[in-house]
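Please find below a colleague's note on the structure shown here. The points are numbered and may be read in any order.

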Amino acid sequence: MQFSLGPLLFYWPKTDTQAFYQAAMASDADIIYLGETVCSKRREFKVEEWIALAKQVAASGKQGVLSTLALISAPSELKELKRLVDNGELMIEANDLGAVQLAREAGVPFVCGPAINAYNAEVLRMLLKQGMTRWVMPVELSRDWLVTLNQDLATDRQHFEVELFGHGYLPLAYSARCFTARSLDKPKDGCELACIHYPTGRQALSREGQPLFNLNGIQTQSGYCYNLGNELGGMAGLVDVVRLSPQGMDTLDTLAQFRANQQGLAPLPLSGDRECNGYWHQIPGIRLAQ
């Protein structure tokens with residue numbers, strides 16, 4: 001089993017981002033995804049800088065993958081997408097079907113990201129024909145669903161890897177509106193890049209005070225942190241790559257804990273007040289099945 005660091009979903013200052021990826025290159029990660037997937041207004045890194053950093057990751061001995069926006073809504077964003085696809089060296093993670101189309105036209109292999117609604121064998125076979133080499137399972141699906149899908153795919157399953165979102169705030173939905181700006185009574189066009197002040201998102205609580213959602217620009221995330229660190233033993237034969245979503249330097253420590261617990265010999269302590277794993281067990285996602 002391999003472990004990956006997913007693309008940075010939050011907006012961090014450039015120095016913090018650089019420090020994280022320098023540390024990530026010396027971490028237990030096998031694969032590192034880089035690039036902006038949430039909002040094109042976040043420009044601490046330009047496209048060329050993301051590409052250069054991904055090449056640096058590849059030179060360190062890890063696989064560097066360039067991730068694309070999940071919601072493309074302007075010609076300038078499409079131009080940046082084309083520059084990512086035409087990098088000439090690195091695989092991309094396609095987070096919308098426009099990126100899939102461009103990758104196919106360029107003959108670039110791609111990862112099907114979790115923002116693409118690929119739920120069944122027919123869709124995955126179609127994506128395989130387009131050049132998919134890895135599929136990140138939509139976050140709300142269960143182990144039982146994956147078992148059934150493997151059976152439906154038969155021999156096609158050997159032609160691509162399955163990656164599972166295993167730790168972090170689950171990306172649940174995207175919108176043309178910016179929820180962080182709205183929560184601060186700011187218009188989207190005048191957001192002043194407010195999300196840079198919330199390095200792990202802004203919590204939205206229920207009336208009972210329970211973390212319900214995490215607001216991250218146009219992205220709505222789970223209020224609890226998803227944690228499948230104690231489920232790794234049951235992924236053998238089903239999952240090839242387990243993804244951890246960066247939340248800070250602590251994510252690298254969590255990654256080491258995941259690797260140490262692959263056989264269930266070093267269980268992670270979990271808290272029902274902050275963490276969940278319900279979707280994997282086919283129960284409400286906010287719950288924690290011990």
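1. A residue is called buried under 20% relative accessible area, exposed over 50%, and partly exposed in between (1.4 Å probe, protein chains only). Accessible areas come from the Shrake-Rupley method with a 1.4 Å probe, and for residues only the protein chains shown count as cover. This is a predicted model, in which local features need pLDDT of at least 70 and side-chain atom pairs count only at pLDDT 80 or more, while totals for chains, interfaces and linings use all residues. Residues are numbered from 1 along each chain as its sequence is written, and side-chain values use heavy atoms, with hydrogens and water left out.

2. Leucine 172 belongs to strand E7 (residues 161-174); helices (H or I, at least four residues) and strands (E, at least two) are DSSP runs, numbered from the N terminus. With a relative accessible area of 37%, leucine 172 is partly exposed. Together with Leu212, Phe213 and Ile286, Leu172 makes a nonpolar surface patch of about 300 Å². Patches are made of residues with over 30% relative accessible area and no salt bridge, where like charges are joined within 9 Å and nonpolar side chains (Val, Leu, Ile, Met, Phe, Trp, Tyr) within 5 Å.

3. Helix H3. The buried residues of H3 are Glu77, Glu80, Leu81, Leu84 and Val85. They lie on the same side of H3, because they cover an arc of only 140 degrees around the axis; the arc is that of the directions from the helix axis to the C-beta atoms. The exposed residues Pro75 and Lys79 are carried on the face of H3 turned away from its buried side. Cover for the buried residues includes H2, strand E3 (63-67), strand E4 (91-94) and helix H4 (97-106), where contact means heavy atoms within 4.5 Å.

4. Glutamate 77 is buried yet has no salt bridge, and the nearest side chain of opposite charge, arginine 43, is 6.7 Å away. A salt bridge is here a side-chain nitrogen of Lys or Arg within 4 Å of a carboxyl oxygen of Asp or Glu. For charge, Lys and Arg count as positive and Asp and Glu as negative, whereas His and the chain ends are not counted. Not counting residues up to four places away in sequence, glutamate 77 touches Ser40, Leu69, Leu71 and Ile72.

5. Helix H6. In helix H6 (residues 143-153), Leu146, Leu149, Asn150 and Leu153 are the buried residues. Seen down the axis of H6, they fall within an arc of 100 degrees, so they line one face of the helix. Helix H5 (121-130), strand E6 (132-136) and E7 are among the elements that cover them. After H6 comes alanine 154, which has a positive phi, near 50 degrees.

6. Glutamate 192 sits in the loop between H7 and E8 and counts as exposed at 62%. Most residues other than glycine have a negative phi.

7. Salt bridges. A search of the whole structure finds twelve salt bridges. In one of them, the side chains of glutamate 161 and arginine 134 meet at 2.8 Å, N to O. Glutamate 161 lies in strand E7 and arginine 134 in strand E6, so the pair ties together parts that are 27 residues apart in sequence. Arginine 134 is buried, with a relative accessible area of 4%, whereas glutamate 161 is partly exposed at 26%.

8. A bridge between loops. Aspartate 240 forms a salt bridge with arginine 157, the closest N and O atoms being 2.9 Å apart. This pair links distant parts of the chain, 83 residues apart: aspartate 240 is in the loop between strand E10 (219-227) and strand E11 (241-244), and arginine 157 is in the loop between H6 and E7. Aspartate 240 is partly exposed at 27%, and arginine 157 is buried at 14%.

9. Arginine 243 and glutamate 163 meet through their side chains in a salt bridge (2.9 Å, N to O). Arginine 243 lies in strand E11 and glutamate 163 in strand E7, so parts that are 80 residues apart in sequence are tied together. Arginine 243 is buried at 3% relative accessibility, and glutamate 163 is buried at 0%.
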